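Subject: A structure for you to look at

Hi there,

Here is the structure I promised to pass on. Have a look around it first, and then read my notes below.

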Amino acid sequence: MTPDWVRVALLSLALLGAVATSGAAEPLVYVSNERGNSVTVIDAATDKVVASIPVGNRPRGIGVSPDGRTIYVALGNDNVIAVVDAASRVVKARFAAGTDPETFAVSPDGTRLYVSNEDANTASVLDTKTGKVLATIPVGREPEGVAVSPDGRLVYVTAETTHTISVIDTSALKTVATILVGSRPRESAFTPDGQRAFATAEIGGAVSVIDVAKNAVVATLKLDRPAPKPKGVVVHPSGKWAYVANGGSNDVAVIDVGALRIADFIPVGIRPWGLGITRDGKKLYVANGVSESVSVIDTASQKVVATIPVGKAPWGIAVGR
Amino acid sequence: MAPDPRVTGHRVERRAFLGSLAAAGWASLAPRAAHAEDVFTVGVVLPADAEKATELSRGAALGLDDANALATLFGKRLRLETETERGDGQAGRALARAGALAVVGGVGPGGGEALLQAATDGATVLNVGAPDDRLRNERCDRRAFHVTPSVSMYVDALTQLLIEQRKLTRWAVAGDGSPRGAEIEAAARRSVARRGGTVIGDTVAADILLLAVDDRGAEAVVARGIAEGRRPDRIAGVGEAGLRLPVERAGGLWAMGWHHELERFSARELNGRFRRRWSAPMSETSWAAWAALKLVGEAVVRAGAGDGAALVAFMESAPPFDGHKGDALTFRKWDHQLRQPLYVAGPRKREDIGGQLGPFAVLADVGGKNLDALGTATAESRCRFAP
């Protein structure tokens with residue numbers, strides 16, 4: 001007869017195994033389809049499309065709340081941010097977000113959205129509970145990309161016409177510095193330690209490396225490609241690599257963050273713009289707007305391991321839990 | 001125009017200001033409590049023609065606004081001074097003598113030659129209206145930068161589309177004896193031959209009739225061609241003159257540097273801002289003037305350019321300029337022509353014609369893959385800058 005202690009031990013192990021399995025579930029990847037007016041949902045475990053959510057007109061910027069329960073989508077033609085319940089996959093609210101909202105960032109604590117308003121040359125701060133606009137902050141001309149520092153203290157807003165990044169203090173809710181970067185900056189991303197940031201310059205064909213504490217560009221990495229037109233940028237959770245989507249040369253540049261050099265170019269689909277990386281850093285998802293697909297890159301091998309057809313004109317990517 | 005007493009050389013005397021500035025390409029600034037700035041004057045030579053003067057002024061004003069949106073973030077500001085050209089080249093020279101950092105002009109008959117007189121005096125000039133090939137060749141000047149496309153670039157855009165893509169290889173040329181017409185014809189003979197086509201004398205048998213005329217002759221030749229039964233899409237011309245044809249005589253395929261309905265690469269935003277401000281479409285001249293002001297603004301901020309020589313150095317360093325055309329626009333080393341994609345516009349379908357839209361729509365954009373396929377290549381260039 002099996003001793004009680006053995007049965008308890010076996011039962012405990014079984015329970016632990018179940019918990020470990022459910023805690024390690026692969027996340028869902030959300031893709032905004034600009035001309036499809038939808039969001040495609042991909043299961044990162046299988047890299048298969050599991051749903052398509054109709055959201056509204058001209059979805060572009062997309063983000064997920066830290067708890068994974070809410071997806072936010074900027075609807076440029078509806079002038080709102082759609083609030084989608086991740087479980088039911090239904091739009092449950094629409095927040096007025098100024099004219100033609102294109103991109104935004106979710107604060108690390110999930111309480112705010114920082115939205116760029118291109119026509120108004122401002123950034124709006126929204127309360128995620130109520131949708132209320134907490135502040136409207138003047139930034140550079142034709143603002144687009146928005147990124148929040150990992151500690152939530154700073155927000156970077158790129159401006160295409162002034163070629164600047166406005167640095168917003170999230171406590172004071174005002175611009176505290178302006179950094180001149182490359183020509184036509186599109187997006188930026190912080191390293192996990194918050195010490196550096198990368199900003200893509202689409203016409204400049206380069207990536208500006210920013211020392212966050214100094215509010216200064218400390219290096220410019222030229223992308224050695226014919227007309228690369230860099231757009232999206234993300235940093236690996238380890239902080240070792242950064243990835244840049246080159247919409248013109250149809251590849252993803254891999255940046256060695258420590259050495260500050262371009263390590264590789266990975267060919268993907270046509271006109272890659274949006275990027276999303278899983279929280280464990282194992283997979284990078286790339287939205288290819290013209291080939292209407294998502295490339296899946298295994299970051300260990302730095303190779304494309306899958307190509308997934310999605311909706312019309314995929315634009316942005318957000319990775320949930 | 002009296003010289004501005006605050007201008008010494010090319011800059012206002014420096015006043016104290018808050019924040020820190022670094023030269024050579026990057027800068028960071030905390031918000032400044034006081035408005036103490038370095039102010040730089042840009043001279044604009046207006047043509048005598050009122051309509052063209054308006055287009056130029058409007059583009060320059062929007063460009064000034066955009067330039068200052070950047071410059072004022074870093075303690076600098078641009079301002080404009082204008083003079084009207086009287087045909088003797090004195091307007092640009094006066095602006096230069098009064099301390100303008102750069103002189104923008106070249107619009108209107110003889111505008112290019114008049115502008116170059118200021119360059120000969122030592123001013124840095126930006127040509128936003130004269131497409132003459134000879135200004136980029138025999139008459140080139142190291143202090144002159146050409147934002148507006150050249151005759152050769154326009155013609156190359158047409159042959160690239162119509163010969164290479166549409167295989168319309170037999171061309172005839174209808175000239176009017178004007179100097180502009182002669183340049184267009186010469187460019188056509190080079191360009192058509194380079195792309196494997198032929199220029200024939202028989203205008204009836206030709207696939208394409210190219211109008212080698214100046215702006216004043218365009219309407220009459222197009223009208224005659226259409227009256228003779230020629231299809232509008234078999235007539236080709238250079239510049240915006242054709243777009244001003246009455247709707248009932250709209251015809252031809254026109255190569256141009258900008259169109260008010262362009263949308264990609266934030267052209268929609270630029271066209272929209274222009275239209276909201278002026279309740280008018282952004283013309284090619286307006287775009288070139290906007291671009292010139294923006295270029296000067298970037299030189300002042302990125303390179304700390306405070307005089308003409310520094311401006312020349314900045315432009316020659318080929319900084320990637322965003323003209324909302326999707327490509328980095330840079331000046332060619334050999335003739336200081338701004339590389340850029342061009343557009344070919346043709347008659348809109350009758351049912352699409354609306355009051356504000358005009359009779360022409362953009363049919364193609366040309367040159368993006370190799371911007372040096374448009375215009376004079378380095379090996380062919382007759383420009384020799386003085387050391």
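Which helix of chain B gives the largest share of the lining of the second largest cavity? That share, three residues, comes from helix H3 (residues 111-120) of chain B. Helices (H or I, at least four residues) and strands (E, at least two) are DSSP runs, numbered from the N terminus.

First, some housekeeping. This is a predicted model, in which local features need pLDDT of at least 70 and side-chain atom pairs count only at pLDDT 80 or more, while totals for chains, interfaces and linings use all residues. Residues are numbered from 1 along each chain as its sequence is written, chains are lettered from A and ligands numbered from 1 in the order in which they are written, and side-chain values use heavy atoms, with hydrogens and water left out.

**The cavity in chain B**

Rolling a probe the size of a water molecule over the atoms shows where empty space is left. On a 1 Å grid over the protein atoms alone, a cavity is a set of points where a 1.4 Å probe fits but cannot get out, whereas a pocket is an open set with protein on both sides within 12 Å along at least five of seven lines; lining residues have an atom within 4 Å of a point. Grid points are joined across faces, edges and corners, and a volume is the space filled by probe spheres set on the points.

By class, that is four nonpolar, three polar and one charged residues. Here Ala, Val, Leu, Ile, Met, Phe, Trp, Tyr, Cys and Pro count as nonpolar, Asp, Glu, Lys and Arg as charged, and the others, Gly among them, as polar.

**Helices H3 and H2 of chain B**

H3(B) is mostly covered, with seven of its ten residues buried (under 20% relative accessible area; exposed is over 50% and partly exposed is in between, with a 1.4 Å probe and protein chains only). The buried ones are B:Gly111, B:Gly112, B:Ala114, B:Leu115, B:Leu116, B:Ala118 and B:Ala119. They pack against H2, S6, strand S7 (125-127) and strand S8 (144-146) of chain B, where contact means heavy atoms within 4.5 Å. Just after H3(B), B:Gly122 takes a positive phi of about 110°.

In helix H2 (residues 90-97) of chain B, the buried residues are B:Ala91, B:Gly92, B:Leu95 and B:Ala96. Seen down the axis of H2(B), they fall within an arc of 135° (taken from the directions from the helix axis to the C-beta atoms), so they line one face of the helix. These residues pack against strand S4 (38-46), strand S5 (76-84), strand S6 (102-105) and H3 of chain B. Just after H2(B), B:Gly99 has a positive phi of about 105°.

**The pocket in chain A**

The second largest pocket has about 1400 Å³ of space. Of the 40 residues that line this pocket, the closest to its centre are A:Ala105, A:Val106, A:Val148, A:Val234 and A:Ile277. S28(A) gives the most to the lining, with five residues. By class, the lining has 24 nonpolar, 13 polar and three charged residues.

A:Val148 sits in strand S12 of chain A. At 16% relative accessibility, A:Val148 counts as buried. Leaving aside its neighbours within four places in sequence, A:Val148 is in contact with A:Ala105, A:Val106, A:Ser107, A:Pro108, A:Tyr114, A:Leu154, A:Val155 and A:Phe190.

Most residues other than glycine have a negative phi, and most peptide bonds are trans. Which way does A:Asn121 go, positive or negative? Phi of A:Asn121 is near 60°, a positive value. A:Asn121 is found in the loop between strand S9 (112-117) and strand S10 (122-127) of chain A, and at 23% relative accessibility it counts as partly exposed. A:Leu173 also has a positive phi, of about 55°, although it is not a glycine. Look for A:Leu173 in the loop between strand S14 (164-169) and strand S15 (174-180) of chain A.

Enjoy exploring!
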